[in-house]
Amino acid sequence: MASYKRTSSLFDFCTCKAAQGVLGVYDQHSLNEDGTVMAMLDQAAVISHFLQLDKSSFSSFFKNKGEGLICAWKSFLDGDKETDANSVSESSPLYFSSFFSDVVKAPFRSIDKPKFSFIDLFAGIGGFRMAMQNLGGECVFSSEWDEQARKTYYSNYGDVPFGDITKESTKQMIIKLFKI
């Protein structure tokens, strides 16, 4: 795609595409439990959480959907060419970080060997997360509805927070994550 810059941030890419009327990449992995299509920023949230939690015990939760979305996004970015899901998933963190290097270059990423895991609801710009990470915690899920706060949070931590916690699709992700 000629207008796409490989140096843009994942968050800016999503908001730019949304402004152009692209609500999301359509694929089986982009569906919520109720069959609706995830918003583009929520798709980015799945991808960023998958990439950030790559070595975590919680990575399996985001693995299937994250790898599937990366494959779908690769097809979208390449102009809807066919994509071999196996070749993308085997190197997805490396491949995807080449498009959006800010995912892996965030200044306040989680530590390698966390003492505990937590979720960051009503995340704002990440003050609670900073405190929990300084105590040795690993954030496994974040949620914030304000777009500018989400953008700042992403810039600091490399995770796009999921959207509004009052939406059923966001609640269902938390329930499934912790198998409540």
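In this predicted model, Tyr26 sits in the loop that runs between α1 (10–19) and α2 (40–52). Its relative accessibility is 57%, so Tyr26 counts as exposed. Together with Leu31 and Val37, Tyr26 forms a nonpolar patch on the surface. The accessible area of the three residues together is about 280 Å².

Aromatic contacts were examined next. A pair of aromatic rings is described by the distance of the centres and the angle of the planes. The count comes to seven aromatic pairs. One of them joins Phe141 and Phe162: the ring centres lie 4.7 Å apart and the planes meet at 5°. Planes under 30 degrees apart count as stacked, so the Phe141–Phe162 pair is stacked. Phe141 belongs to strand β2 (residues 137–142), whereas Phe162 lies in the loop between α7 (147–157) and α8 (168–177). The pair therefore ties together parts that are 21 residues apart in sequence. Phe141 has a relative accessibility of 0% and counts as buried. Phe162 is buried too, with a relative accessible area of 1%.

Tyr153 and Tyr157 form a tilted aromatic pair. Their centres are 4.9 Å apart, with 50° between the planes. Both residues lie in helix α7. Because they are four residues apart there, about one helical turn separates them. Tyr153 is buried, at 0% relative accessible area. Tyr157 is also buried, at 2%.

Ring pairs also build a cluster. Phe61, Phe62, Phe141 and Phe162 are linked in this way. The stacked rings of Phe141 and Phe162 are thus members of that cluster.

How values were computed
Residues are numbered from 1 along each chain as its sequence is written. This is a predicted model: local features need pLDDT of at least 70, side-chain atom pairs count only at pLDDT 80 or more; totals for chains, interfaces and linings use all residues. Side-chain values use heavy atoms; hydrogens and water are left out. Patches are made of residues with over 30% relative accessible area and no salt bridge: like charges are joined within 9 Å, nonpolar side chains (Val, Leu, Ile, Met, Phe, Trp, Tyr) within 5 Å. Accessible areas come from the Shrake-Rupley method with a 1.4 Å probe; for residues, only the protein chains shown count as cover. A salt bridge is a side-chain nitrogen of Lys or Arg within 4 Å of a carboxyl oxygen of Asp or Glu. Helices (H or I, at least four residues) and strands (E, at least two) are DSSP runs, numbered from the N terminus. Buried means under 20% relative accessible area, exposed over 50%, partly exposed in between (1.4 Å probe, protein chains only). Rings of Phe, Tyr and Trp (its six-membered ring) pair if their centres lie within 6.5 Å; planes under 30 degrees apart count as stacked, over 60 as edge-to-face and the rest as tilted.
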